[in-house]
Amino acid sequence: MADARYDPDNIFAKILRGEIPCHRVYEDAHTLAFMDVMPQGEGHTLVIPKAPARGLLDADPASLAALTASVQRVAQAVKTAFKADGLTVFQFNEPAGGQTVFHLHVHVVPRREGVPLKRHEGGMADNTVLAEHAARIRAVLEGQG
Ligand code: 5GP
């Protein structure tokens, strides 16, 4: 799989094109952040670049720089919104690395002391709950949280 190509019909590309809905948290010219539908913890958010890339290795460095800035911004808001004790931030590459959606994305999960992460792709969260969580994070980003 080392030379696998970017598939423009992957699910996050469809989200970027507005073909599939998401609970949007943050957007700028180069990046988008939205709630993970199968959260490993309350507030699990994904941050993606708009430029197509399968993973870390084929991403354009300028796109990576924009992604990193957005990850930091979103992570600060997520931590505040969920009054978290800490954050787990992770990113997988290729099936052997645990990747299941092949558009570069960074996971941001708020953590509480003594509460373990749930299983990866454990189960779909309720849409109403995800909408409320996204609104909570947006409120912090907009300075109302
Ligand atoms: P990966 O293993 O590729 O790092 O993780 C992909 C993540 O995308 C998983 O945490 C999974 O729950 C999430 N995911 C898969 N399909 C969708 C979807 O259609 N919408 C959203 N918001 N998240 C998704």
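## Exposure along the chain

A residue counts as exposed when its relative accessible area is over 50%, as buried when that value is under 20%, and as partly exposed in between. Thr-128 has a relative accessibility of 59% and is therefore exposed; this residue belongs to helix 3, which spans 127-141. The structure discussed here is a predicted model, and the values that follow are computed from it.

Glu-142, which sits in the segment after helix 3, is likewise assigned to the exposed class, because its relative accessibility is 54%. Asp-28, placed in the loop between strand 1 (24-27) and strand 2, has a relative accessible area of 26% and so is partly exposed. Gly-43, by contrast, lies in the loop between strand 2 and strand 3 (45-49) and is buried, since its relative accessibility comes to 2%.

## Distances between residues apart in sequence

Several pairs show how separation along the chain relates to separation in space. Asp-28 and Ser-70 are 42 residues apart in sequence, while their C-alpha atoms are 8.5 Å apart. For Glu-142 and Ala-77, the sequence separation is 65 residues and the C-alpha to C-alpha distance is 9.5 Å.

Gly-43 takes part in two further pairs. With Thr-128, from which Gly-43 is 85 residues away in sequence, the C-alpha to C-alpha distance is 13 Å. With Ala-65, at 22 residues along the chain, the C-alpha atoms are separated by 24 Å.

## The largest pocket

The largest pocket has a volume of about 440 Å³. Its lining is made up of 28 residues, of which Phe-12, Met-35, Asp-36, Val-37 and Met-38 are the closest to the centre of the pocket. By class, the lining of this largest pocket comprises 16 nonpolar, ten polar and two charged residues.

Which elements each supply at least two residues of the lining of the largest pocket? They are helix 1 (11-16), strand 2 (31-35) and helix 3 (127-141). Helix 1 gives the most to this lining, contributing three residues.

## The second largest pocket

The second largest pocket holds about 180 Å³ of space. It is lined by 13 residues, and those closest to its centre are Glu-42, Pro-110, Arg-111, Arg-112 and Val-115. The lining of the second largest pocket divides into seven nonpolar, two polar and four charged residues.

A polar side-chain atom of His-105 is placed 2.7 Å from an oxygen atom of the ligand, and a polar backbone atom of Val-101 is 2.9 Å from an oxygen atom of the ligand. Val-37 contributes through its backbone, with an N or O atom lying 3.5 Å from a nitrogen atom of the ligand. On its own the ligand has 510 Å² of accessible area, and the protein covers 93% of this.

## Positive phi angles in loops

Most residues other than glycine have a negative phi. Lys-83, although it is not a glycine, has a positive phi of about 45 degrees. Lys-83 is located in the loop between helix 2 (61-81) and strand 4 (86-90), and it is exposed, because its relative accessible area is 64%.

Glu-94 is another residue other than glycine with a positive phi, in this case near 70 degrees. The position of Glu-94 is in the loop between strand 4 and strand 5 (106-111).

Terms used: Residues are numbered from 1 along each chain as its sequence is written. This is a predicted model: local features need pLDDT of at least 70, side-chain atom pairs count only at pLDDT 80 or more; totals for chains, interfaces and linings use all residues. Side-chain values use heavy atoms; hydrogens and water are left out. On a 1 Å grid over the protein atoms alone, a cavity is a set of points where a 1.4 Å probe fits but cannot get out, and a pocket is an open set with protein on both sides within 12 Å along at least five of seven lines; lining residues have an atom within 4 Å of a point. Grid points are joined across faces, edges and corners, and a volume is the space filled by probe spheres set on the points. Helices (H or I, at least four residues) and strands (E, at least two) are DSSP runs, numbered from the N terminus. Ala, Val, Leu, Ile, Met, Phe, Trp, Tyr, Cys and Pro count as nonpolar, Asp, Glu, Lys and Arg as charged, and the others, Gly among them, as polar. Buried means under 20% relative accessible area, exposed over 50%, partly exposed in between (1.4 Å probe, protein chains only). A polar contact is a pair of N or O atoms within 3.5 Å; within protein, one must be able to donate a hydrogen and the other to accept it, and residues adjacent in sequence count only if both atoms are side-chain atoms. Accessible areas come from the Shrake-Rupley method with a 1.4 Å probe; for residues, only the protein chains shown count as cover.
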